[in-house]
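Here are my notes on the model, as numbered points. Please read them with the structure open.

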Amino acid sequence: MTAPSLVPDHAPWLAIVGIGEDGRAGLSPAAAAALDAAEVVYGGRRHLALAAPLLAAETRPWPSPIDTAYPGILARRGRPTCILATGDPFHYGIGAELARLVPAHEIRAFPQPSAFSLAAARLGWSLPETACLTLHGRDLFGIVPHLQPGARILALSWDGATPAAVATLLTERGLGSSRLIVLEAMGGPNERVREARAENFDLSEIAALNTLAVGVEAAPGARIVPLSPGLDDAWFENDGQLTKAEIRAVTLAALRPRAGETLWDLGAGAGSVSIEWCLRHPANRAVAVERRPDRAERIARNARALGVAPRVQVVVGGSLAALSALPSPGAVFIGGGVAEPGLLAACRDALPHDGRCVANAVTLEGEAALLAAFSEAGGVLRRLSVAHAVPVGGLTGWRPAMPITQWVWTKP
C-alpha cells in the first residue's frame with residue numbers, strides 16, 4: 001500500500017487524537033473539536049469508551065490485525081475522520097504508521113503526554129537520561145542490551161505478566177537487586193504506582209495496560225553486555241565455527257557500522273559478527289547466511305540471548321545462491337566460503353558506493369582468493385595473528401591461533 005501523492009490537493013481530514021485515562025476531560029478544546037467534527041471515529045474499545053459521548057460519529061473499533069482497517073481509512077480521504085490513540089500517537093503509537101500512508105499535511109495530530117512522560121514525571125527521572133522502549137508485541141529479550149549498571153529504563157509492557165517476566169530475567173542475569181516500578185492507569189482515577197525488587201518480585205493483579213520502570217543494579221559478576229566490540233567468545237553458543245573475539249573486534253572496526261545499515265554476514269557460523277553489528281546501533285540489521293541448519297538455529301538462539309533477534313534475519317543456504325534474494329547491503333562480511341568462485345565479485349557488485357567488504361580466510365585456498373581480489377581491486381590486505389598464554393608444564397608459554405588473512409575493500 002503506497003501513500004497518496006504529496007501534492008496538497010486535500011485539506012487536513014484525518015485527526016489523530018491522543019487520549020488519556022481522564023478521557024474527554026483531558027482533551028484540549030482543539031482536540032475535542034476535531035473529535036466531535038468527525039463522521040467516523042476509529043479506536044480501541046477502551047479509547048472509544050474514554051471518548052464518550054461521541055454524538056453523531058460512527059464508531060469503528062480496531063479489527064485484528066489492525067492494518068486491515070487501513071484501506072477503509074484511506075477510502076475516506078477528504079472526509080472528516082478521527083483516530084483515537086493512547087497518549088502520544090507518535091511515540092510507539094499508530095501515528096507513525098498512518099503517516100506512512102497519509103501525507104503529513106493531511107493530518108492534524110493532537111498528542112497527549114506519552115506514558116514515558118507521565119512515568120518520568122511520577123518518578124522524577126530525566127527522559128533524555130532514560131532508555132524508552134516497548135515490550136508490547138516484542139521479544140522480552142529486547143531489554144537485554146539496555147541492562148547496564150545504573151541504567152534507568154521505561155518499558156511499555158505487553159500485558160500484566162510482563163513485569164514478573166522481566167523480574168525473572170533480571171534475577172537470572174545477576175541483576176536481582178534492581179528496582180522494578182509498575183505504573184498503572186496513569187492520569188486517571190485508578191492510577192497506581194507500586195515497587196518491588198526483581199529478586200523478590202511479588203506484585204499481583206497488575207493491569208494489562210502498564211508501564212514498567214527499571215532502575216538497574218548489578219551484583220559482582222552480573223551478565224552485562226559490554227558496549228565495546230569483540231565480546232568474549234563465551235557469549236556465543238558455538239561449535240568452534242566462530243570469529244574469535246580479537247579478530248571479531250578488528251573485523252567490526254573494518255566494517256565501520258553506520259546507523260540504519262544492513263550487513264550481509266556470509267558463512268555466518270555462530271552469527272557473532274551479525275549480532276555485534278546490530279549491537280552497535282538499534283537501527284542496524286543483518287542477514288546471516290549459513291549453509292548448515294543446526295548452525296542457523298544456533299545463530300537465532302544467540303541473537304535472542306543478546307537482545308537483537310528481530311533484527312538478525314537467518315537464511316539457510318549457500319552464500320552465492322542466496323544473494324539475489326537478500327536486501328541491499330551497506331556492508332558485507334565473508335567469514336566462510338570465501339574461495340567459492342564468483343562470491344567476492346558478486347558481493348562487490350551488490351555494494352553501494354562507499355559500501356564496505358571485509359573477508360577473512362584461514363585456508364590457503366581462501367588466502368589465494370583474497371590475494372587475487374586485492375591484486376584486481378586494491379583495498380587493504382593484512383595478516384592477523386593472536387596468541388594466548390597457556391600452561392606449559394609448570395611454566396607458561398604462548399599458543400598461537402591460526403593466522404587470519406583479511407581483505408578490506410571500500411567501493412569507490
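1. The lining of the largest pocket draws at least two residues from each of α2 (45–51), β4 (81–86), α4 (95–99), α5 (115–123), β8 (179–184) and β10 (210–215). Helices (H or I, at least four residues) and strands (E, at least two) are DSSP runs, numbered from the N terminus. This is a predicted model, in which local features need pLDDT of at least 70 and side-chain atom pairs count only at pLDDT 80 or more, while totals for chains, interfaces and linings use all residues. Residues are numbered from 1 along each chain as its sequence is written, and side-chain values use heavy atoms, with hydrogens and water left out.

2. The largest pocket holds about 1,200 Å³ of space. A pocket here is an open set of points on a 1 Å grid over the protein atoms alone, where a 1.4 Å probe fits and protein lies on both sides within 12 Å along at least five of seven lines; lining residues have an atom within 4 Å of a point. The volume is the space filled by probe spheres set on the points, which are joined across faces, edges and corners. Of the 44 lining residues, T86, H91, Y92, G93 and L156 are the closest to the pocket's centre.

3. By residue type, the lining has 20 nonpolar, 16 polar and eight charged members. Asp, Glu, Lys and Arg count as charged, Ala, Val, Leu, Ile, Met, Phe, Trp, Tyr, Cys and Pro as nonpolar, and the others, Gly among them, as polar.

4. Which residues touch the most other members of the largest nonpolar core? They are L170, L180, F201, L255, L263 and W277, out of 53 residues. Helix α8 (residues 272–280) gives the largest share of this core, five residues. Such a core is a set of buried Ala, Val, Leu, Ile, Met, Phe, Trp, Tyr and Cys residues joined through side-chain atoms within 4.5 Å. A second, separate core of 23 residues includes A322, L370, A373 and W407.

5. R248, in helix α7 (residues 245–255), is buried, with a relative accessible area of 0%. Buried means under 20%, exposed over 50%, and partly exposed in between (1.4 Å probe, protein chains only). The side chains of R248 and S272 make a polar contact of 3.3 Å, that is, a pair of N or O atoms within 3.5 Å, one able to donate a hydrogen and the other to accept it; residues adjacent in sequence count only if both atoms are side-chain atoms.

6. P229 sits in the loop between β10 and α7 and is partly exposed, at 34% relative accessible area. P229 and A249 are 20 residues apart in sequence, yet their C-alpha atoms are 5.1 Å apart.
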